[in-house]
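Please keep the sequence and the coordinates at hand while reading.

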Amino acid sequence: MTIHFDRKQVHDDLHKPNAPAVLDASMRRAVEHKHAAQAAIAWDALRERAHEIKAYSIEHLDELLVRFEREFIARGGRVLWAQTADEAASRFLEICRKHGATSVVKGKSMLSEELELNARLTAAGVEPVETDLGEYIVQLAGERPSHIIAPAIHMSRQDVGSLFERKLKIDYTDDPEALSEIARLRLRSRYLEAGVGMTGANFGVAESGTVVVVENEGNGGLSSQAPPVQIVVIGIEKVIPTLDDLVVFLQLLARSGTGQKMTTYVHHFLGPVDGRAMYCIFVDAGRTELLADPIARESLYCIRCGACLNVCPIYRRVGGGAYGWVYPGPIGSVITPSMIGMEDAGELPFASTLCGACAQECPVKIDLPHLLVHQRARSVDEGAASSTMENSAVSSWARAMSSSRGYAYAVAAARIAGVFSPVLPWISSAVRAWSKQRSMPKVAAMTFKDWWSER
Amino acid sequence: MRGGPVRRLIELAHMSRAGTASDAYAPGDTVALFIPCYIDVVFPTVGKAVVSIFERLGVDLDYPAEQTCCGQPAFNGGHRKEALALAARFADVFEDYKWIVVPSGSCGAMTKRFYATLDPTSKAATVGARVWDLATFLVDILGIVDVGARFPHSVTMLDGCHGRRELGCTDAARRLLRAVGDIDYRELPAIEECCGFGGLFSVTFDALSTSMGSAKCANALATGADYLVSGDSSCLMHVGGMLDHRGSSLKTLHLAEVLASR
């Protein structure tokens, strides 16, 4: 599956009435709320601390994961390990079969999207039921979440109204409260019927073996507690050392994601109660590829708050769909190439101006522009994205820039052939792209260099 | 009992406030001009404006004629080998200078910040650390806010992202502009948002680039200013190119050109 950043999406979306404007307005609101929420606390100090804790955690995953496992098992939980998405989905299905579950209620989990769990469960005859309102909407629509914390952000309430009318065979309404109530009533019975309840995890606390899940709708609590069996799917990078560390992240996460001081619910799952069963499936699925790269490793510090998407001028214009896989925005463009393979996603890191707004907002201070450039270099080294034409244009240009004579030659050529010239076919397509909406810059009659030498 | 440690603390505070000998500009120190390739070829008046500002301030200038491109297009494009070669070349050309000043936040960030990420132990990282963008050099190093310019027009400022986020030169540029005689400075709405240039991005993702550019044009026009001013000619080439294509009367100027006006 080769991903091409969907330029058509860019085009269509820009011309679809309201679509980019609605998304852009929502994202702006989210950033405003974040700024308001972070103003009252020692934001920079917290970010610094969070970065340090994550750096330590990622360097000590071997110890922390084992510690978590020991503590979690001691309380009667079970821990499973999965190297790949396939393996994780298989483990999940085995648990469903063992407990005779025919349906699974699901809290919101991006990892579940990576595993394509809904499709795999459905194929095996187990019905997945998304209970987060946004996820419920995109599941009904047969789509993929377009934002990591706001899955249906690309849809207007009118879109949702028509979708409910069509799929649920009810009268049209676009009143948000009415729509929420419709979903709530339909989901209520599903919690009680389900054999298994699943959630993701925001953090795994190693010292106590605690799974921490934050949410606002209460569906995470119901999904995890109503069915007799609870399964947590958790990425191996989510483990942090202590409950004191957790306090740092809880202050950052909700503020960055939704502009709340704290989410409505913060669940601390400590293992099964009263004869129920609880499983943790720790999933690699490409994370060790990131871990093995000393620079890209920093992307594992991500707490999936969505702040880098909200502020990204590219994401705001195209939405999540254009990025082609589970994680959109700046963080997606960094991690996707390593997780699914550079040969399939080598174009994504180029879909950025490197403006750095993402790094400025990141609550764990991930240097996203630096990581994007790093992934671009890997992409070029592996021949994944840049064309032969571009490569040869760049190397001729660099050769020209390596001597005064080459530079003078390039300037002379630019005078004749338009700016920045040496290799023409690639240049001419660039000139075409530039000129659609922009006047071409002109080479000056006399360069600064010549002016200086003659003064 | 208190005298010793307290005296030592005061000494230390004085030392750190005064800076060490190597990071303070001494009158007579020569400044090497780093004039980015596209400024040399497309916007030479920007380079000339920088020369005229420094001459007015009595700062000794040199322009190492061997300089070409800092390598940023290769670096941003993921072409590390070419970027490293051009970084090494930059270091050779500029190694004898203690002060290097560039009228660009973007090329400034390339040399001052990104050379070190390419190879922290390289000569390029050491030499690149001596690069200053024009605004920061004037305000923070020379301590000059009023450069004796006069520009009786309304202006708004397009802030290049690299200058803003990598070098932190926004405030210096704004202070310099506000101190210009007879100027009517108007803050650009959403000044922190990228104009969409992004180097090669401007042609490989042209629809997105011009979509971002449109927003920047709209914000600039909303100020009603006569001039859109920036410390980066590259961003201006893109936004100015869009304004010109649309037949707008809003003109673009580099910060240096405003500061050179009298």
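Predicted model: local features only at pLDDT ≥ 70, side-chain atom pairs only at ≥ 80, totals over all residues.

A residue counts as buried if 20 or more other C-beta atoms lie within 10 Å of its own C-beta atom, and as exposed if 12 or fewer do.

**Buried residues in helices**
- With 25 other C-beta atoms within 10 Å, G332(A) is buried, because the cut-off is 20 or more.
- G332(A) belongs to helix α16 of chain A, which spans residues 329–340, and apart from neighbours within four places in sequence, G332(A) is in contact with Y323(A) and Y327(A).
- A further spatial relation of G332(A) is to C308(A), which is 24 residues away along the chain, with 9.8 Å between the two C-alpha atoms.
- R287(A), in helix α13 (residues 287–291) of chain A, is likewise buried, with 22 other C-beta atoms within 10 Å.
- Once neighbours within four places in sequence are set aside, the contacts of R287(A) are G235(A), I236(A), E237(A) and L300(A); of these, I236(A) is 51 residues apart from R287(A) in sequence, while their C-alpha atoms are 7.5 Å apart in space.

- Strand β6 of chain A, residues 210–215, has six of its six residues buried, so the strand is largely enclosed by the rest of the structure.
- In a regular strand the side chains alternate between the two faces of the sheet.
- Both faces of β6(A) are covered, with T210(A), V212(A) and V214(A) buried on one side and V211(A), V213(A) and E215(A) buried on the other.
- Strand β5 (residues 203–205) of chain A pairs with β6(A) in the antiparallel sense over three bridges, and F203(A) has V212(A) of β6(A) as its bridge partner.
- Four residues lie between the strands in the hairpin of β5(A) and β6(A), where G209(A) takes a positive phi near 65°.
- Strand β9 (residues 265–269) of chain A also runs antiparallel to β6(A), joined to it by five bridges, and in this pairing E215(A) stands opposite Y265(A) of β9(A).

**The parallel sheet**
- Six strands of chain A form an open sheet with parallel pairing, in the order β1-β10-β7-β4-β2-β3.
- The edges of this sheet are β1 (78–82) and β3 (127–130) of chain A, each of which pairs on one side only, and neighbouring strands of the sheet are turned by 25° against each other on average, direction ignored.
- Strand β2 (residues 103–106) of chain A pairs with β3(A) in the parallel sense over four bridges, and the bridge partner of V105(A) in β3(A) is V129(A).

**Packing of α3(A) against α12(A)**
- Two packed helices are described by the angle between their axes and the distance between the axes.
- Helix α3 (residues 43–59) and helix α12 (residues 243–257) of chain A pack at an angle of about 130°, with their axes 10 Å apart, which makes α3(A) oblique to α12(A).
- The crossing of α3(A) and α12(A) is left-handed, and the contact is made by L46(A), R47(A), R49(A), A50(A) and I53(A) of α3(A) together with D245(A), V248(A), F249(A), Q251(A) and L252(A) of α12(A).
- The residues of this contact divide into six nonpolar, one polar and three charged.

**Positive phi outside glycine**
- K169(A), a residue other than glycine, has a positive phi near 55°; K169(A) lies in the loop between α9 (157–168) and α10 (176–193) of chain A, and counts as exposed with 7 C-beta neighbours inside 10 Å.
- L354(A), which is not a glycine either, has a positive phi of about 60°; L354(A) is placed in the loop between α17 (342–345) and α18 of chain A, but counts as buried with 27 C-beta neighbours inside 10 Å.

**Contact between chains A and B**
- The contact takes 50 residues from chain A and 50 residues from chain B.
- Helices of chain A that each supply at least two residues to the side touching chain B include α1 (7–15), α15 (313–318), α20 (388–400) and α22 (424–435), while α19(A) gives the most, with six residues.
- The residues on the side of chain A that touches chain B divide into 29 nonpolar, 14 polar and seven charged.

Note on methods
Residues numbered from 1 in each chain as written. Chains lettered and ligands numbered in written order. Pairing = 2+ DSSP bridges. Axes fitted to C-alpha atoms, helices over the stretch in contact; angles between N-to-C directions. Parallel < 35°, antiparallel > 145°, perpendicular 65-115°, else oblique. Left-handed = near helix turned anticlockwise from the far one by under 90°. Contact = placed C-beta atoms within 7 Å. Nonpolar A, V, L, I, M, F, W, Y, C, P; charged D, E, K, R; others polar.
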